[in-house]
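Please look at the sequence and the 3D structure below.

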Amino acid sequence: MPGDYEFVIGAEERVGNKRLFINKIKVRDGAFRSRKGDVVLAKYVKRIFARKKWEGSGQREFRRGPW
C-alpha cells in the first residue's frame, strides 16, 4: 500500500473477495479515529478495525447451524 493512500472511516474496502467497512483506525501516535468521514493516510496507520456489511446492522440471523 503506498503511503499516500487514504483510508476513510465508513468507506468500503475490498480485501480479496470480501467487502469490509472501516469502523476505526489506530494512528501511529496512539490516537484513534472513529468519526465517519475522517481520513488517515496509510503511512500513519497502525491498525484498521473493520466489519462485514451484515455485522452490527441490528438484524439477527436465525438460520445459523445445520438445522
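How many aromatic pairs does the count come to? The count comes to two aromatic pairs, where rings of Phe, Tyr and Trp (its six-membered ring) pair if their centres lie within 6.5 Å, and planes under 30 degrees apart count as stacked, over 60 as edge-to-face and the rest as tilted. Y5 and F7 form an edge-to-face pair, with 5.0 Å from centre to centre and 70° between the planes. This is a predicted model, in which local features need pLDDT of at least 70, side-chain atom pairs count only at pLDDT 80 or more, and totals for chains, interfaces and linings use all residues. Residues are numbered from 1 along each chain as its sequence is written, and side-chain values use heavy atoms, with hydrogens and water left out.

The chain as a whole comes next. There are zero helices and six strands; helices (H or I, at least four residues) and strands (E, at least two) are DSSP runs, numbered from the N terminus. Along the sequence the pattern reads β-β-β-β-β-β. Of the 67 residues in the chain, 16% are buried; buried means under 20% relative accessible area, exposed over 50%, and partly exposed in between (1.4 Å probe, protein chains only). The accessible surface comes to about 5800 Å², and 48% of it belongs to carbon and sulfur atoms; accessible areas come from the Shrake-Rupley method with a 1.4 Å probe, and for residues only the protein chains shown count as cover. Among contacts between residues at least 6 apart in sequence, 48% join residues at least 24 apart, where contact means heavy atoms within 4.5 Å.

Now follow the strand pairing, in which two strands pair if DSSP finds at least two bridges between them. Strand β2 (residues 12-15) and β3 run antiparallel and are joined by four bridges. Within this pairing, E13 stands opposite L20 in β3, and the bridge partner of V15 is K18. β2 and β3 form a hairpin with two residues between them, and G16 in the turn has a positive phi of about 65°.

Strand β3 also runs antiparallel to β4, with two bridges between them. K26 stands opposite F32 in β4. Four residues lie between the strands in this hairpin, and G30 takes a positive phi near 105°. A31 is found in the loop between β3 and β4. With a relative accessible area of 25%, A31 is partly exposed. Leaving aside neighbours within four places in sequence, A31 is in contact with I25 and K26. Seven bridges join β3 to β6, and these two strands run antiparallel. Here the bridge partner of K24 is F49 in β6.

Which residues make up the largest nonpolar core? The eight residues are F7, I9, I22, I25, V27, V40, A42 and V45; a nonpolar core is a set of buried Ala, Val, Leu, Ile, Met, Phe, Trp, Tyr and Cys residues joined through side-chain atoms within 4.5 Å. The largest share of this core, three residues, comes from strand β3 (residues 18-27). For V40, the contacts beyond four places in sequence are Y5, E6, F7, I25, V27, R33 and V45.

The aromatic rings can now be placed in this picture. A pair of aromatic rings is described by the distance of the centres and the angle of the planes. Is F7 buried or exposed? F7 is buried, because its relative accessible area is 10%. Y5 has a relative accessible area of 30%, so Y5 is partly exposed. F32 and F49 form a tilted pair, with 6.2 Å from centre to centre and 45° between the planes. This pair links distant parts of the chain, since F32 lies in strand β4 (residues 32-33) and F49 in strand β6 (residues 45-52), 17 residues apart. F32 counts as partly exposed because its relative accessibility is 41%, and F49 counts as partly exposed at 31%.

K24 is found at both of these rings. K24 lies over the face of F32, at 5.1 Å from the ring centre, and over the face of F49, at 5.3 Å from the ring centre. A charge sits over a ring if NZ of Lys or CZ of Arg is within 6 Å of the ring centre and within 35 degrees of the ring normal.
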